Amino acid sequence: MRSTTLLALLAVVLLYLVSGALVFQALEQPHEQQAQRELGEVREKFLRAHPCVSDQDLGLFIKEVADALGGGANPDTNSTSNSSHSAWDLGSAFFFSGTIITTIGYGNAALRTDAGRLFCIFYALVGIPLFGILLAGVGDRLGSSLRRGIGHIEAIFLKWRVPPGLVRILSAVLFLLLGCLLFVLTPTFVFCYVEGWSKLEAIYFVVVTLTTVGFGDYVAGASPNQNSAAYQPLVWFWILLGLAYFASVLTTIGNWLRVVSRRTRAEMGGLTAQAASWTGTVTARVTQRVGPTAPPPPEKERPPLPPPPCPAQPASRPLSPAAPEKTEPPSPPTPPTPPTASALDYPSENLAFIDESSDTQSERGCALPRAPRGSRRPLNTHRKPARPRGPGRPRDKGVPA
């Protein structure tokens, strides 16, 4: 992710947090102040009714009661009652362990011993990754089963000749509706019946639980009137399936957003190309209407190469009259070379041309610079003169040149 995108996303999240804080403050702060005023009125009424109790003793008693309630004590029961309800029976302890590895952590029951807190640290470090693996597998199977069922409905829609785009939209809506029916609406009515909550309280608990927020103000099975040991384990299995469904939904939304992002980039690239083409077309038309622009300055001419020392002569030019008076026998006939009327393009090729055929050019009639007759000397004095080789004279290897 780019730095600018990350900073923009951080700004959006911070703005979202500030807006949520302002809304919650406006909604909840008056209620808190009202509850505090009511507590003060009840406290003053108690002190007037019991003048033997001091204000300081009453404050200490209220603090101890609050700590006991935070530790899981039930104010409806006392030491003389025969209630067998406990916050740490097998079913409740199983549910508490499930809230640890699911990272919900309602907070209605908390650990009070140092040994329990130390064990909770290692238990969470091992259990949370293990539950994540299980959640991924369950979510995959659950999503596949729901998609398979929706696939049959898509086939029916396609038989009715419904457009494929509309079929995809309908399948996505059915996937969401079916999951909400199974894991949100049905548990809401169950909790309303079993726990005695209102519909708002029940759906609030469902959403807070499946989003792993877990405030702890509403917890299924925490009431002392609930005596079934299998109730809270069943609630935990519902949490497992509900979290798997929500994970599948979030994965689907992420894939959809990724596809939309790729299509948006492709469309923006196409629009950029069209804009560039349109700009070029408009520029060309404007140039044609205004008139041709000034011609570009002529390129700097390359200086001509020096002529070769032995330019080729035209074929119609007769040979020099001094050629028959050469004492050297005629060399074997060679294929005629085409006349070169101009120098080659590159100086390196000219140098190679001169170096290879300086002698043969003189035999073919090139107009090499000749010395006057009687005072002709070879150009290279250190070069060994050629020996005449006639057709009937054998080569004498022993005779020095």
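## Helices and overall make-up

In this predicted model, the chain contains 9 helices and 0 strands, so that the order of elements, read from the N terminus, is α-α-α-α-α-α-α-α-α. Of the 401 residues in the chain, 18% are buried, and the accessible surface amounts to about 31400 Å², with carbon and sulfur atoms accounting for 64% of that area.

## The largest nonpolar core

The largest nonpolar core is made of 31 residues, and F191, V235, W238 and I239 are the ones with the most contacts inside it. At least two residues of this core come from each of α3 (90–101), α4 (114–159), α5 (164–195), α6 (199–210) and α7 (231–290), with α7 giving the largest share, 10 residues.

When residues up to four places away in sequence are not counted, V235 touches F95, F191 and A220.

## How α5 and α6 meet

Two packed helices are described by the angle between their axes together with the distance between those axes. For α5 and α6, the axes come within 9 Å and cross at roughly 130°; the two helices are therefore oblique to each other, and their crossing is right-handed.

On the α5 side, the residues that take part in this meeting are F183, V184, P187, T188, F189, F191 and C192, while on the α6 side they are K199, A202, I203, F205, V206 and L210.

Definitions and conventions:
Residues are numbered from 1 along each chain as its sequence is written. This is a predicted model: local features need pLDDT of at least 70, side-chain atom pairs count only at pLDDT 80 or more; totals for chains, interfaces and linings use all residues. Side-chain values use heavy atoms; hydrogens and water are left out. Helices (H or I, at least four residues) and strands (E, at least two) are DSSP runs, numbered from the N terminus. Buried means under 20% relative accessible area, exposed over 50%, partly exposed in between (1.4 Å probe, protein chains only). Accessible areas come from the Shrake-Rupley method with a 1.4 Å probe; for residues, only the protein chains shown count as cover. A nonpolar core is a set of buried Ala, Val, Leu, Ile, Met, Phe, Trp, Tyr and Cys residues joined through side-chain atoms within 4.5 Å. Contact means heavy atoms within 4.5 Å. Axes are lines fitted to C-alpha atoms, for helices over the stretch in contact, and angles run from 0 to 180 degrees between N-to-C directions. Angles under 35 degrees count as roughly parallel, over 145 as roughly antiparallel, 65 to 115 as roughly perpendicular and the rest as oblique. A crossing is left-handed if the near helix is turned anticlockwise from the far one by less than a right angle, and right-handed if clockwise.
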